[in-house]
Amino acid sequence: MSPLIITAALTGAEISKADQPALPITPEEIGQAAAECVAAGAAIVHLHGRLADGTPTQDAAVYREIIAAVRARCDAIVQVSTGGAVGMTATERLAPVALRPEMATLSMGSVNFGNDVFLNLPADIEAFARAIAEHGAKAELEIFDAGMIATAKRWLAKGLLASPAHFDFVLGVPGAMPGTPEALMYLVSQLPEGATWTVAGIGPAQLTLGTMAIALGGHVRVGFEDNLYFRKGELAVSNAQLVARIAAIGRLMERPAATPAQARALLGLPAR
Ligand code: KMH
Ligand code: ZN
């Protein structure tokens with residue numbers, strides 16, 4: 001099996017410093033967290049913008065500062081969010097793609113998201129897919145529910161999405177597919193030929209589904225966006241602590257962590 005690509009989802013849009021005191025918010029904090037995560041075994045950083053007071057933002061100027069802070073400190077593959085936060089407009093969400101990141105997320109459908117709805121209209125998804133390709137980025141297809149992988153496969157067949165596709169199964173969001181082995185196995189069984197995939201288990205599913213993905217030949221996303229805890233009742237001290245644990249499990253299972261350069265090769269991204 002290939003080396004293990006670990007994505008560090010450092011900040012997200014939903015968590016506050018009150019929930020997790022080590023949450024990186026400012027560009028400097030995010031850049032520092034990215035470097036620590038790469039040193040611990042991460043190859044990709046999944047980025048969300050925040051204003052100084054913690055409010056989520058998709059402002060390209062904020063993302064520019066974050067990306068500069070990351071690149072000044074490490075060689076991580078930069079993946080921007082186009083999901084942003086629930087309630088943002090499509091135009092707002094797409095803004096960081098203009099910065100020509102190496103990767104950008106692309107949510108493949110609408111889903112209940114706690115007490116909210118994470119709305120992704122087909123026309124917007126199509127426009128996002130086109131913009132991501134036009135700006136030279138690779139899409140990571142975010143799959144929150146079973147119908148979304150069917151949509152992705154239809155769109156791949158029609159040429160609306162580039163092949164080979166890279167998927168992220170986000171499992172355990174309240175309102176979406178649960179963070180269970182059965183849910184992951186179903187999605188893996190539906191993967192199109194040649195696809196690569198990673199799993200983002202929410203809460204305690206981060207560890208269990210991550211370990212399953214290592215065994216199944218997939219890749220793993222960890223970090224505060226999805227999970228605040230190291231173990232039940234014990235907050236993680238840093239994003240890097242979560243990266244280091246999954247990297248250690250990967251090593252024990254003969255899936256050493258991919259360097260950013262190895263991950264670029266595995267994902268078909270240009271070398272940097
Ligand atoms: N914050 C969620 C509503 C992504 O980054 O692409 C969406 C999200 C997905 O985080
Ligand atoms: Zn995200």
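## A buried residue at the metal site

Glu 225 is buried, with a relative accessible area of 16%, which falls below the limit of 20% under which a residue is called buried. This value, like the others in this report, was computed from a predicted model.

Glu 225 is also one of the residues that coordinate the zinc ion (ligand 2): the ion is held at 2.1 Å by His 46 through NE2, by His 48 through NE2 and by Glu 225 through OE. Along the chain, these donors follow the spacing H-x1-H-x176-E. His 48 lies in the loop between strand 2 (44-47) and strand 3 (49-50), while Glu 225 lies in the loop between strand 12 (219-222) and strand 13 (229-231), so this pair ties together parts that are 177 residues apart in sequence. His 48 is buried as well, with a relative accessible area of 4%.

## The barrel

Which strands close into a barrel, and in what order? There are 8 of them, arranged in the order 1-2-5-6-9-10-11-12, and their pairing is parallel. Neighbouring strands of this sheet are turned against each other by 25 degrees on average, if direction is ignored.

Strand 1 (residues 6-9) runs parallel to strand 2 and is joined to it by 3 bridges. In this pairing, the bridge partner of Ala 9 is His 46 of strand 2, and His 46 is also one of the residues that coordinate the zinc ion (ligand 2). Helix 4 (residues 122-134) packs on the sheet, where it touches strand 6 and strand 9 (138-143), and its direction makes about 170 degrees with that of strand 6.

## Strand 9 and its neighbours

On one side of the pairing, strand 6 and strand 9 run parallel and are joined by 5 bridges, with Ala 104 standing opposite Ala 139 of strand 9. Strand 9 also pairs with strand 10 in the parallel sense, over 4 bridges, and here the bridge partner of Glu 140 is His 166 in strand 10.

In a regular strand the side chains alternate between the two faces of the sheet. In strand 9, Lys 138, Glu 140 and Glu 142 point one way, whereas Ala 139, Leu 141 and Ile 143 point the other way, and all are buried. Because 6 of the 6 residues of strand 9 are buried, this strand is largely enclosed by the rest of the structure.

## Backbone features in the loops

Most residues other than glycine have a negative phi, and most peptide bonds are trans. The peptide bond from Ser 163 to Pro 164 is cis, with omega near -5 degrees, and Pro 164 sits in the loop between helix 5 (146-158) and strand 10 (166-171).

Arg 100, although not a glycine, has a positive phi of about 55 degrees, and it is found in the loop between helix 3 (90-94) and strand 6 (103-107). Glu 254, also a residue other than glycine, has a positive phi near 60 degrees; it is placed in the loop between helix 8 (239-252) and helix 9 (260-267), and at 67% relative accessibility it counts as exposed.

## Aromatic rings

A search of the whole structure finds 5 aromatic pairs, and ring pairs link Phe 113, Phe 118 and Phe 144 into a cluster. Elsewhere, Arg 245 lies over the face of Phe 230, at 4.1 Å from the ring centre.

Methods
Residues numbered from 1 in each chain as written. Chains lettered and ligands numbered in written order. Predicted model: local features only at pLDDT ≥ 70, side-chain atom pairs only at ≥ 80, totals over all residues. Heavy atoms only, no water. Donors = N, O, S within 2.8 Å, 3.2 Å for Na, K, Ca; no water. Helix = DSSP H or I, 4+ residues; strand = E, 2+ residues; numbered from the N terminus. Buried < 20%, exposed > 50% of the residue type's maximum accessible area, 1.4 Å probe, protein only. Phe/Tyr/Trp six-rings, centres within 6.5 Å; stacked < 30°, edge-to-face > 60°. Lys NZ or Arg CZ within 6 Å of the ring centre and 35° of its normal. Pairing = 2+ DSSP bridges. Axes fitted to C-alpha atoms, helices over the stretch in contact; angles between N-to-C directions. Contact = heavy atoms within 4.5 Å.
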